[in-house]
Amino acid sequence: MSRVSPLLQAERFQENFEPAVPQPSVEKAVMAKLEALFKKTGKRPNILMLVVDDLGYSDVGAYGGGEAFGAPTPHIDRLAREGLKLTSTYSQPSCTPTRAALNTGRLPVRSGLLKPALLNDQADSSQELFAAKILSGAGYRTALSGKWHLGEKDGSRPWQVGFDEFMGFLGVVNAYQEEHPIAADVANDPELQAKLQTIGDRNLWRATKEAGGKSAGRINWENSRDLDQKFADFSEDFIRRAAKDAKPFYLSHNFSKVHYFNRPSSAFEGKSATKDVYRDSVLEVDAIVGRLTKVLEDLKIADNTLVFFTSDNGPEEDSYPESGATPFRGAKGTTLEGGVRVPGLFWWPGMIKPGRVSDGLFDLTDMFNTSLALAGVDAANAVPADRYIDGINQTPFLLSENGQSAREAVFFYNADMFAGARWRYYKMSISEVQTGSGNVRDFGGLDNAQYVIPPNGYMYNLYLDPRERRSILIEKAWVPSYALGPLLAVHGATMAKYKPKAAIRVR
């Protein structure tokens, strides 16, 4: 691909893959590093993804929160201290789109997986190619633990799209909690409760690809407190079984917490400094992270396992004060930084240099390509030529001592609405969903959201203005002219050539 501007470096190595910044010497060194590990262990590395639901950027101690906010996160902070902390990791604005991007390497407008549904979720992920399916075919044991949220319908369930095993639920936890004590209209009406129990899929599923799915009981307000402990039990057992059989594994561990309504398990109730259900639940998440990383160490496979910790979006504000924290403007449901910039921690003893911090761009779609590369899979051969992959292989970025991101830009969508892009530390907003000022009587949340479509867009310097308060479009006209403009043109061309399943709205 010829460069469309002297300011841009990315090149397209495969027609249906996102352009990446070439780093031949670094790539060669990292490949040698991986091959040396393969010769030592005799198998490809394991991959463990830890995905929290609605965790705020600043809920984690390593990102300025933790003990300062009443809920220390020592185990998560350890991942940062002993691994790589990314400060510009990007999700999608809400649950389903992010989980689609993470698993398929594709922006949600391409897959049509745009919005999270609560009950009777008819999302169709059956035609998407999941990393789990490719890796299962490459000799990995694959599993998903916890929240799915990519469709309840037959054909779109985890064990039907590539995961060898599944223990979890298909929707979102608050959909099963109508008898929450604060909901007196349901909690005090047994007849209404009974009718609600007939709507949607409320099962806790246990499934394998060979045997199919079986209900392990129905989820309700009372037993929802113990879900994350059950998922941790399953994930630990899965890791132990894979290690015993000397099989590489790909495990996506998805917490039910800290999505409202939080109900911490009894061991964590009232244990945070604030004694509230949200911070108690953060403590529980942290403890489970510590539990699973300890399993890796006890089994002596930590040095052959990439661990990635993140959140599916920024904190939601509709249930304030039962919500997380972010230093940025906006929250879940927006493409403002508060909605899409999330924690991104990589830990791999002996392979990732301890204490690294980088502001290099990392999009959650990149985990698709990176996972395939670690498994020794040629993505160009594994992915059909009729579909476009937005992810980038970031293995050299993660594993070289001073690695640089191969990603030149991040593109933002709010469902089917194109919202803009980030290049370096400049962000162009074509449209924004704004959610309030942060004042007590106007704290934000989706109930208080509105689209703003400026005539010429907004542009921010995220280093000087991380809260996106003042547009510098006029002062920095060269940025859209020679960087963001050309990037958007190239991106738009991929949408024209590889038709997305959703009709994109621009303005």
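1. Let's start with helix H14, which lies across E12, strand E13 (417–423), E14 and E17, and runs at about 130° to E13. Keep in mind while you look around that this is a predicted model. H14 covers residues 478–497, and Trp478 is found in it.

2. Now for the strands under discussion there. They belong to an open sheet of four strands, in the order E12-E13-E14-E17, with antiparallel pairing. Strand E12 (409–414) and strand E17 (458–461) stand at the edges with a single partner strand each, so one side of each has no neighbour in the sheet. On average, neighbouring strands of this sheet are turned by 20° against each other, direction ignored.

3. Which residue of E17 is the bridge partner of Ser429? That would be Tyr458. The pairing in question joins strand E14 (residues 426–429) with E17, in the antiparallel sense, over four bridges. As background, strands of a sheet pair through backbone hydrogen bonds, either parallel or antiparallel.

4. Back to Trp478 for a moment. Is Trp478 buried or partly exposed? Its relative accessibility is 35%, so Trp478 counts as partly exposed. Together with Leu7 and Tyr482, Trp478 makes a nonpolar surface patch of about 290 Å².

5. Helix H3 (residues 95–104) is worth a look of its own. Ten of its ten residues are buried, so H3 is largely enclosed by the rest of the structure. Among the buried residues of H3 are Cys95, Pro97, Arg99, Leu102 and Asn103. What do the buried residues of H3 pack against? The list has strand E1 (46–52), helix H4 (108–111), helix H5 (131–137), strand E3 (141–147), strand E7 (249–254) and helix H11 (366–374). After H3 comes Gly105, whose phi is positive, near 75°.

6. Next, two buried loop residues. Ser156 sits in the loop between E3 and strand E4 (165–169). With a relative accessibility of 0%, Ser156 counts as buried. Leaving aside neighbours within four places in sequence, Ser156 is in contact with Ala123, Asp124, Ser125, Ser126, Trp148, Leu150, Gly151 and Val161.

7. The other one is Lys257, whose place is in the loop between E7 and helix H9 (277–298). Why does Lys257 count as buried? Because its relative accessibility is 3%, and the cut-off for buried is under 20%. Setting aside neighbours within four places in sequence, the contacts of Lys257 include Val52, Asp53, Asp228, Arg263 and Glu284. Ser224, Arg225, Ser281 and Val285 are also among the residues in contact with Lys257.

8. There is a hairpin to find as well: E5 and E6 form it, with three residues between them. Strand E5 (residues 203–208) pairs with strand E6 (residues 212–218) in the antiparallel sense, over five bridges.

9. Last stop is Leu196, which lies in helix H7 (residues 190–196). Which residues does Leu196 contact, leaving aside its neighbours within four places in sequence? They are Glu178, Val186 and Arg202. As for Glu179, 17 residues apart from Leu196 along the chain, the C-alpha atoms of the two are separated by 9.7 Å.

Note on methods:
Residues are numbered from 1 along each chain as its sequence is written. This is a predicted model: local features need pLDDT of at least 70, side-chain atom pairs count only at pLDDT 80 or more; totals for chains, interfaces and linings use all residues. Side-chain values use heavy atoms; hydrogens and water are left out. Patches are made of residues with over 30% relative accessible area and no salt bridge: like charges are joined within 9 Å, nonpolar side chains (Val, Leu, Ile, Met, Phe, Trp, Tyr) within 5 Å. Accessible areas come from the Shrake-Rupley method with a 1.4 Å probe; for residues, only the protein chains shown count as cover. A salt bridge is a side-chain nitrogen of Lys or Arg within 4 Å of a carboxyl oxygen of Asp or Glu. Buried means under 20% relative accessible area, exposed over 50%, partly exposed in between (1.4 Å probe, protein chains only). Contact means heavy atoms within 4.5 Å. Two strands pair if DSSP finds at least two bridges between them. Axes are lines fitted to C-alpha atoms, for helices over the stretch in contact, and angles run from 0 to 180 degrees between N-to-C directions.
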